[in-house]
Amino acid sequence: MNNQSDLNKDGVSKTVDAIAEGINDAGNTFPIVEDPVHESTPKQAVRYVLWGLISVVVNLGTFYLLNSVVHINYQVANIIAWVIGVQVAFWIDRVIVFRHKSNSPIQEMVAFYSTRILTYLVETATLWVGVSLLSGNSNVSKIIGQLLAIIGNYIFSKLFIFKNKEAHHQQIH
C-alpha cells in the first residue's frame, strides 16, 4: 500500500516536470519583432482584428448583460461597457497589436481614451438613431456602432497613440 502511494507521487512528479519542461521549450508566445518600425501595417491590422475581438466581446457582452438581462437603460449600459472595453483594448493594443514600448503608459492611456471618446460618440449616436428614432433592437444597433468604432479606433491607434516617435522623427528630417 505504501509502495502504491510512493509510485503515484513519482508519476505525478514526472508529469509535472514534463509539463514544466514543455512550457519552457514553448518559447515566446508573442514573438518580438526585431524592428517594429518596419513591421508591415497589414500584419498589425490582422493582429488588431484578431486580438481586438476580445475587447469587442467584452464590450458587447457587458452591454448585453446590463441592457438585456439586468434591464439598465441602453445608454447607461453602453457607457459602462465602453469603459470596460476600452481598458481591455488599451492593453491588448499596446502589448500585442502594436508591440509598443515606452515609459509613459499613463500618458498613452489618456490619449487612447481621448481618441476613443470620438468613436464612442459615433457608437452612441448609432444607438440613439437605432433605438430611439427607429425603434430598433438595441443589441443590433450596438453591433453596428461597434463596427463603425472598430474602424475609427484602428486608425486613431495606428496614427496617434502607438506610433514610433523615432520613425516619425526620421520622416520629418
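Contact here means heavy atoms within 4.5 Å. The legends below describe a predicted model.

**Figure 1. Overview of the helical protein.** Among contacts in the protein with a separation of 6 or more, 67% join residues 24 or more positions apart. The protein has 6 helices and 0 strands, and from the N terminus on its elements run α-α-α-α-α-α. Of the 173 residues in the protein, 33% are buried. The accessible surface comes to about 11,100 Å², and carbon and sulfur atoms account for 67% of this area.

**Figure 2. Helix H4 and its bend at Ile117.** Helix H4 covers residues 105–133, and its 29 residues should span 42 Å at 1.5 Å a residue. The C-alpha atoms at the ends of H4 are 40 Å apart, which agrees with that expectation. At Ile117 the helix bends by about 25 degrees. Arg116 also has its place in H4. Just after H4 comes Ser135, with a positive phi of about 55 degrees.

**Figure 3. The largest nonpolar core.** This core holds 15 residues, and Phe98, Phe112 and Phe162 are the ones that touch the most other members. Helix H3 (74–97), H4 and helix H5 (138–161) each supply at least two residues of the core. The largest share, 6 residues, comes from H3. Which residues are in contact with Phe112, leaving aside its neighbours within four places in sequence? They are Val86, Ala89, Phe90, Asp93, Ser157, Ile161 and Phe162.

**Figure 4. The salt bridge between Asp93 and Arg116.** The structure holds 3 salt bridges; one of them pairs Asp93 with Arg116, with the closest N and O atoms 3.1 Å apart. Asp93 belongs to helix H3 and Arg116 to helix H4, so the pair links distant parts of the chain, 23 residues apart. Buried means under 20% relative accessible area. Asp93 therefore counts as buried, at 2% relative accessibility, and Arg116 is buried too, with a relative accessible area of 5%. Side chains of opposite charge can pair when their charged atoms come close.

**Figure 5. The surroundings of Arg116.** Neighbours within four places in sequence are left aside in this view. Arg116 is then in contact with Tyr48, Trp82, Val86, Ala89, Asp93, Asn153 and Ser157. Asp93 in this list is the salt-bridge partner of Arg116.

**Figure 6. The salt bridge between Arg94 and Glu108.** The side chains of Arg94 and Glu108 meet in a salt bridge, with an N to O distance of 2.6 Å. This pair links distant parts of the chain, with Arg94 in helix H3 and Glu108 in helix H4, 14 residues apart. Are these two residues buried or exposed? Arg94 and Glu108 are both buried.

**Figure 7. The salt bridge between Glu123 and Lys142.** Glu123 forms a salt bridge with Lys142, and the closest N and O atoms are 2.3 Å apart. Because Glu123 lies in helix H4 and Lys142 in helix H5, the pair ties together parts that are 19 residues apart in sequence. Glu123 counts as buried at 2% relative accessibility. Lys142 is buried as well, with a relative accessible area of 0%.

**Figure 8. Positive phi at His71.** His71 is not a glycine, yet it has a positive phi of about 65 degrees. The residue has its place in the loop between helix H2 (41–69) and H3. Exposed means over 50% relative accessible area, and His71 therefore counts as exposed at 63% relative accessibility.

**Figure 9. Positive phi at Ser135.** Ser135, although not a glycine, has a positive phi of about 55 degrees. Where is Ser135 found? Ser135 is in the loop between H4 and H5. At 64% relative accessibility, Ser135 counts as exposed.

Technical notes. Residues numbered from 1 in each chain as written. Predicted model: local features only at pLDDT ≥ 70, side-chain atom pairs only at ≥ 80, totals over all residues. Heavy atoms only, no water. Helix = DSSP H or I, 4+ residues; strand = E, 2+ residues; numbered from the N terminus. Expected span 1.5 Å × (residues − 1). Bend = angle between axes of the 7 residues up to and from the residue. Core = buried A, V, L, I, M, F, W, Y, C linked by side-chain atoms within 4.5 Å. Buried < 20%, exposed > 50% of the residue type's maximum accessible area, 1.4 Å probe, protein only. Areas by Shrake-Rupley, 256 points an atom, 1.4 Å probe, with all protein chains shown as cover. Salt bridge = Lys/Arg side-chain N within 4 Å of Asp/Glu carboxyl O.
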